[in-house]
Amino acid sequence: MDELPEFGRSALESLRQPLEDRHVTIGRARGVTRFPASFMLAAAMNPCACGFWGGDQSERPCTCSVGSLARYRARMSGPLADRIDLQVEIPRQPVSFGGGGMTSEEARGKLEAAYERQCRRYADTGIRWNSALSGRLLAVHARLPGDAEALLTGMYSRLGLSYRAHDRILKLSRTIADLEDCGDVRLEHVAEAVQYRALDRTMPDFEHGAIRGKQAARARNEAAAASASDRAAKGRKRPGTQGAPNQAGQAVCDSDDGTGR
Ligand SMILES: [Zn+2]
């Protein structure tokens, strides 16, 4: 769904049930019917109506009023954003951008390995992917060491995350660990997963000015620092990503694509 906020509110809100339960329930006078609706949602939106909020204001300032910014952001409700696993900001890219990231073949290899790992792990559980983890299975398969638990608990409080978002971060951390062929979920995986909650981190709090935004930015920087220092300590490096030039400030997607990401 491109330009997500341009869709009607009722259409967007109707996504909440299938995103959560993987089915839709339709009730009519003659009865209620349940249909399967397991799908992957990929969507993009601008940061504001003019498209320049949060960018380099000296280069191209945002011309939106606070009211118009609030109205634009309000079209994406908190409960809908809550159900989106990966929320990624895509800054404006330079005209020329080099490689340095993974090739498609390398990415495919990582995904297939993560897929196999999940197939083996969940062979006798009745689920197939990390995204389906809940309750006891989540506690068992996404158990965190003390430092990672402390980071996630801190983010939960500081960003005012919902319980649902907390669990989604856990599941995503499990998938990031799988992509690194790592049996245990570690601090670096949680720190990376937290950074994929762009809407939680950057959504302006219009009732309380920019207070929440500043706190969120600080929390984001701390998570990034924790991730970087942990990776440096372990002597590992994430491959770079090749971002496509995109005016959109934020791209969001929910996946059930076999990797749980
Ligand atoms: Zn704007």
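**Reading cores, helices and strands**

Analyst: Let us begin with a single residue in this predicted model. Apart from neighbours within four places in sequence, Val190 has contacts with Leu144, Ala148, Leu151, Leu152, Ile169, Ser173 and Val185.

User: Which residues of the largest nonpolar core touch the most other members?

Analyst: As a general idea, nonpolar side chains in soluble globular proteins tend to be buried together. Here the largest nonpolar core has 23 residues, and those touching the most other members are Ala148, Leu151, Leu152, Ile169, Val190 and Ala193. Two or more residues come from each of α7 (146–158), α8 (163–179) and α9 (187–194). The greatest contribution is that of α8, with seven residues. There is also a second, separate core of seven residues, among them Leu4, Leu15, Leu19 and Leu80.

User: Why is α9 described as largely enclosed by the rest of the structure?

Analyst: A residue is counted as buried if 20 or more other C-beta atoms lie within 10 Å of its own. In α9, eight of the eight residues are buried, so this helix is largely enclosed by the rest of the structure. Among these buried residues are Glu188, His189 and Glu192, as well as Val190 and Ala193.

User: How many residues of strand β1 are buried?

Analyst: The number is zero among the six residues of β1 (residues 23–28), a strand that is hardly covered.

User: How many bridges join β1 to β2, and which residue of β2 is the bridge partner of Val24?

Analyst: Strands β1 and β2 (residues 31–36) run antiparallel and are joined by six bridges. Val24 has Phe35 of β2 as its bridge partner. The two strands are connected by a hairpin through two residues.

Methods. Residues numbered from 1 in each chain as written. Predicted model: local features only at pLDDT ≥ 70, side-chain atom pairs only at ≥ 80, totals over all residues. Core = buried A, V, L, I, M, F, W, Y, C linked by C-beta atoms within 7 Å. Buried ≥ 20, exposed ≤ 12 C-beta atoms within 10 Å, placed from the backbone. Helix = DSSP H or I, 4+ residues; strand = E, 2+ residues; numbered from the N terminus. Contact = placed C-beta atoms within 7 Å. Pairing = 2+ DSSP bridges.
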